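The sequence and structure come before the account.

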Amino acid sequence: MKNKSWLILLPLLLIAGLIGWQLIDRLQEEGGGAKGKKQQTRPIPVEVANIEHGDIELRRVFSGTLQAYTEFVVAPKVSGRIEQIEVDLADLVTRGQTLARLDNDEYVQAVRQAEADLAVAQANLAEAESLLKIAARELQRVEQLRQKGVSSESQRDTAKADQLAKQAHVEVTKAQMIRAQAALETARIRLGYTQVKADWGSGSERRVVAERYVDEGETVSANAQLLRIVELDPMKAIFFVTERDYPSLHPGQRASLTTDAYPGESFDAEIVRISPVFRENTRQAHVELKVVNPELRLKPGLFVRVDLVLAQAKSVVIVPQQALAKRNAQNGVFVVDVAGKQVSWRPVSLGIRHAQRVEIAGEGLQGRVVVLGQQLLDDGSSIVIADDGKADRP
């Protein structure tokens, strides 16, 4: 192993020594007269790499947390003693399933009383309608007698007033019956509330019990928490981005998730929401992903790494990042000629950077570029390529 390490380090040490020697020569050239001019012709040792033509993408990995896509707390709408809880922690529940039952004796009696009140109201209405019929017949009889001249105008007025009173009594008893019907319906609804059901509006048909807060036999008040139900398929992942990456994100963008719970596996995700504001204390924006989880393997609270492609470029020129240099505040690279003896300075514009590779654009970008030793180079400088055979290999 030691011999192999020396074999790897030896070329690097030789290159570093040659570069140092050339730096000393360069300093001597600046103040050494004719001797410096003579040394100026010496080739400069460099390392090179091939210029690639292909695709490149900018990727970012963000840290995030899994959360249930939706959740709700099961609570009774009426108070009472818990007789039975049908589910426990981690149990699957379906929409409309009965989860708990409360003691309903009091509510059963309330229904019976409301039914009795409705029966009384119906009887009163029947009586009132019967009295109205009698009053109508009496008014008709008085009208007939008046036409024969037997009854007086005052008798007709009395009969008419009695009929109107009976009509009003009928309307009152109808209203009382409607009120009794409403009271009965209310009592039945409250009786139904003693069976606590899993009701949710949208999403998947099955969910999971995440927490259980009470036991059988406890007396609870209305709206007391009994269970927490969560939806695990799909799930959502939450992470935060800085100003630099924010413009590259958009809803519908695909992502890949990994977690320590399942090493070597990845899960598909999609951005569904991006916060329109940044948090002032962190200068970061909230991003939400939808994660498909049909086997319910992912759980809320798990730490995840979100791998996102922020930008892509196809069929472009790519070089190692070490090849970049600056001359007169201009980015560029030194391109090696076909013979491998001389370099040319090529100004470039930069694109995507990822994994020590960078997209560039410019003229004459073919062949190989210098990746080590370009500090000593100028346009047209002579070079000698260290380990040239290795440099040619892809």
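## A strand-to-strand ion pair

At 48% relative accessibility, Arg 273 counts as partly exposed, where buried means under 20% relative accessible area, exposed over 50% and partly exposed in between, with a 1.4 Å probe and protein chains only. Because Glu 288 lies in strand E14 (residues 285–291) and Arg 273 in strand E13 (residues 267–274), the pair ties together parts that are 15 residues apart in sequence. Salt bridges that share partners also join Glu 57, Arg 59 and Asp 307 into one network.

## Basis of the model and overall make-up

The model is predicted, and local features need pLDDT of at least 70, side-chain atom pairs count only at pLDDT 80 or more, and totals for chains, interfaces and linings use all residues. Residues are numbered from 1 along each chain as its sequence is written, and side-chain values use heavy atoms, with hydrogens and water left out.

The chain has 5 helices and 22 strands; helices (H or I, at least four residues) and strands (E, at least two) are DSSP runs, numbered from the N terminus. Of the 394 residues in the chain, 34% are buried. Among contacts (heavy atoms within 4.5 Å) with a separation of 6 or more, 74% are accounted for by residues 24 or more positions apart.

## Further salt bridges

The salt bridges come to a count of 20. One of them joins Arg 60 and Asp 245, whose closest N and O atoms are 3.2 Å apart. This pair links distant parts of the chain, since Arg 60 is in strand E2 (residues 52–68) and Asp 245 in the loop between strand E11 (235–241) and strand E12 (254–258), 185 residues apart. Asp 245 counts as buried, at 4% relative accessibility.

Glu 231 and Arg 207 also meet through their side chains in a salt bridge, at 3.5 Å from N to O. Glu 231 lies in the loop between strand E10 (227–230) and E11, and Arg 207 in strand E8 (residues 206–212), so the pair ties together parts that are 24 residues apart in sequence. Both Glu 231 and Arg 207 are buried.

## Helices H3 and H4

Helix H4 (residues 153–192) has 40 residues and should span 58 Å at 1.5 Å a residue, which agrees with the 59 Å between its end C-alpha atoms; the expected span is 1.5 Å times one less than the number of residues. H3, with 43 residues, reaches 64 Å from its first C-alpha to its last, close to the 63 Å expected.

Residues buried in H4 include Ala 159, Gln 163, Lys 166, Val 170 and Thr 173, and what covers the buried residues of H4 includes helix H3 (105–147). In H3, the buried residues include Tyr 107, Val 111, Ala 114, Leu 118 and Ala 121, and their cover includes H4 in turn. An α-helix has 3.6 residues a turn, so residues three or four places apart point the same way. Just after H3, Gly 149 takes a positive phi of about 85°.

## Surroundings of Asp 268

Asp 268 has its place in strand E13 and, at 53% relative accessibility, counts as exposed. Leaving aside neighbours within four places in sequence, Asp 268 is in contact with Arg 254, Ala 255, Lys 290, Val 291 and Val 292. The C-alpha atoms of Asp 268 and Asp 307, which are 39 residues apart along the chain, are separated by 10.0 Å.

## Backbone details

A cis peptide bond, with omega about 5°, joins Asp 233 and Pro 234, and Pro 234 is found in the loop between E10 and E11. Arg 283 has a phi near 60°, a positive value in a residue other than glycine, and its place is in the loop between E13 and E14. Ser 315 likewise has a positive phi, near 55°; this residue is in strand E15 (residues 303–320) and is exposed, with a relative accessible area of 69%.

Note on methods
Salt bridge = Lys/Arg side-chain N within 4 Å of Asp/Glu carboxyl O.
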